Amino acid sequence: MSIQNQLKLRPHADDRPGQRSGADLPNKMTARGVKVFYGAKQALKGIDLDIRENRVLALIGPSGCGKSTFLRCLNRMNDTIEGCRVEGRIALDGEDVYGKAVDAVQLRARVGMVFQKPNPFPKSIYDNVGYGPRIHGLASGRDEMDEVVQTSLKRAGLWTEVKDRLREPGTSLSGGQQQRLCIARAIAVSPEVILMDEPCSALDPIATAHIEELIDELRANYTIVIVTHNMQQAARVSQRTAFFHLGEMVECDDTEDIFTNPRDERTQGYITGRYG
Amino acid sequence: MTDLVERDVAAVTPSPASSPGPSSAPKSRLRSEAFARRLRARHAAERRFRLAGAAAVALAALMLVLLLGSIVAKGASAFLETRIRLEVTLDPAEVAERNYAVPLRRALYAQFPQVTDRAGRRVLNDLLSSGAPYELEAMVAKNPALAGTTQTVWVRADDQIDQLVKGAYRRDLPESGRGISDAKVAAADALLASGALAQGFNTTLFTAGDSREPEQAGIGGAIAGSLLTLLVTMALSVPTGIAAAVYLEEFAPKNRWTDLIEVNINNLAAVPSIIFGLLGLAVFLGFFGMPRSAPLVGGLVMALMTLPVIIIASRVALKAVPPSIREAALGIGASPLQTVLHHVLPLALPGILTGTIIGMARALGETAPLLMIGMVAFVVDIPHGLTDSATVLPVQIYMWADSPERAFTERTSAAILVLLGILILLNGAAVILRKIFERRW
């Protein structure tokens, strides 16, 4: 029985905010009252959201609605932005990621990220994938490192295409291959959560289809949060979808329900293409 | 009415040729005579601009050729020196008391048996460089077996003879206006005719320190001084500058303090270099009591001067590294320092190196601040340490340019050529390093 079918058997139709008691899967991450300010400007106005383990959560909404900002709060990438302030509580396995005990470097190893534009390091394909394990000391010795690189590239569906040219620069690959290389680089550290910020927006439809398949496969081992502008993509890859609008989380529900039976008229307006 | 009818007809019959007035109006403006005129004017303006640009480049190239041409024309002859052939008999007694001037003179007088009076012999004495006895001494010191033998040696001629052979004096002028006496000209001509006067490559120019006698003066001391000074400058300003740039660009919070620091660094880069010399004089010499004329102090002052240049160039290079690389590294859990050392700095390195080498080249060509800390001294010995008295190439050029001897004119130009050569080497190194590190992309 395939992983997909296994997951489909699990009931999560009643898994709505406010009725969380019905959830069968544990929450990997939870956000409560998350507010983000860039200087004096408020970008997020109190977000409550649960991210279920081994599920794909899609964040949709018009440009500037704060979905990328929210995503970057989850692994504290916003720390690097000057004048950015985060309020509220974000927990990973129940532990506040903005707490004093949590180190941002360790958090980012546990919560990996794939960016909008493929950004491989200007190093070899091998070094791109091996960099994370090397700095975190996850592989001791050459053989183990080879193993990690190979597994990660296989999981990212890139192994057969690059196995003969691991020493070539990662930047020599095509856009779609580069993005899969970035995914391989992210999973080489064995993170628990993978954040994807519009991972297909710079890719052609074939490369996009490749990545979407990959996301579906990765769901078995990782919790995934994906920001996308493409509603078909959200419908295809995610089990749950959250709609953001003007810094608020309007509604979060099963993907099917959001697209077939949205409760809020703003969601309705957005998915039917009235704005956004 | 007719208009309406026509339009209706046009609507019914789909022939584009018959489409009337209104739709052809916007087309005709792009095809009008006025438009064509404006178009011609636009093209003419472009041609004029290109011509002016090409003329500017040509003018700049011409100036460069004139400058380099005049320096080469004046300086090329300094790479040759004139030597006199003498059959020297080395009397062991004279060698024992290290008297080498007498055997040289004896050999010279032997070539002019007709000259017996004191005045005539003084003229002959003046044909030889005052450094010639030292050359002979060095020869014997190397091979003591020479004592008691007769050797054919080529010793340095006096700078006036050297200049005469190189054609620097006008023979058609009367003795009083020529700068060299008839007797010397006659003696030199006689030596030249007998083949006892010849030109060879001027090694003295590169090995010797400064001297009052042009034929014994060289830029060896100045080159050593420049290298020592540059060494101190590099050792201090490169690590400090890059560290400061990395901190300001990658780690420092952007607030009023860092803004203030940035403005001050930019201002510092524009401060006249003599001010740094005054600072060096007051602080390093006056307060810390460091030695005068020392490459150590020169290097410190130059380091202060090049620091802002390196910081600014490095910051520009760091800024040019795409932020996506930083995000990529941070996103998989690299610490900020790892992000900078593993990814950002290697990518910025070509730019940093270029800025650094340009800063070094500027320091190499700088004179003004060194005048204030006493590196403008007449230094005969070649410096071997950071606290030895030294001068640097551009200062040596400045001092030689002030000297009245004709032979110093060509040596000034030769020293300029050497300085330019070193600068070209430095800039070439910058280009090569850039190429090497850029391949990593």
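So, B:Trp400 and B:Phe408 are both buried, where buried is under 20% relative accessible area, exposed over 50% and partly exposed in between, with a 1.4 Å probe and protein chains only. This is a predicted model, so local features need pLDDT of at least 70 and side-chain atom pairs count only at pLDDT 80 or more, while totals for chains, interfaces and linings use all residues. Residues are numbered from 1 along each chain as its sequence is written, chains are lettered from A and ligands numbered from 1 in the order in which they are written, and side-chain values use heavy atoms, leaving out hydrogens and water.

Okay, aromatics. Rings of Phe, Tyr and Trp (the six-membered ring for Trp) pair if their centres lie within 6.5 Å; planes under 30 degrees apart are stacked, over 60 edge-to-face, and the rest tilted. That gives seven aromatic pairs over all chains. Take B:Phe79 and B:Phe206: the centres are 5.9 Å apart and the planes sit at 20°, so we call that pair stacked. They come from distant parts of the chain, 127 residues apart, with B:Phe79 in the loop between helix H3 (33-75) and strand E1 (80-89) of chain B, and B:Phe206 in helix H11 (residues 204-207) of chain B. Helices here are DSSP runs of H or I with at least four residues, strands are E runs of at least two, and both are numbered from the N terminus. B:Phe206 is partly exposed, at 31% relative accessibility.

Next, salt bridges, meaning a side-chain nitrogen of Lys or Arg within 4 Å of a carboxyl oxygen of Asp or Glu. How many does the structure hold over all chains? There are 33. One of them joins A:Asp93 and A:Arg110, at 3.2 Å from N to O. A:Asp93 is in the loop between strand E4 (84-92) and strand E5 (95-96) of chain A, A:Arg110 is in helix H3 (residues 104-110) of chain A, and so the bridge ties together parts 17 residues apart in sequence. Those two also belong to a salt-bridge network with A:Lys28 and A:Glu192.

And A:Asp216 with A:Arg219, buried or exposed? A:Asp216 is buried at 16%, and A:Arg219 is buried at 5%. Their closest N and O atoms are 3.9 Å apart.

Last bit, backbone. Most residues other than glycine have a negative phi. A:Asn54, though, has a positive phi of about 55°, and B:Ser293 has one near 60°.
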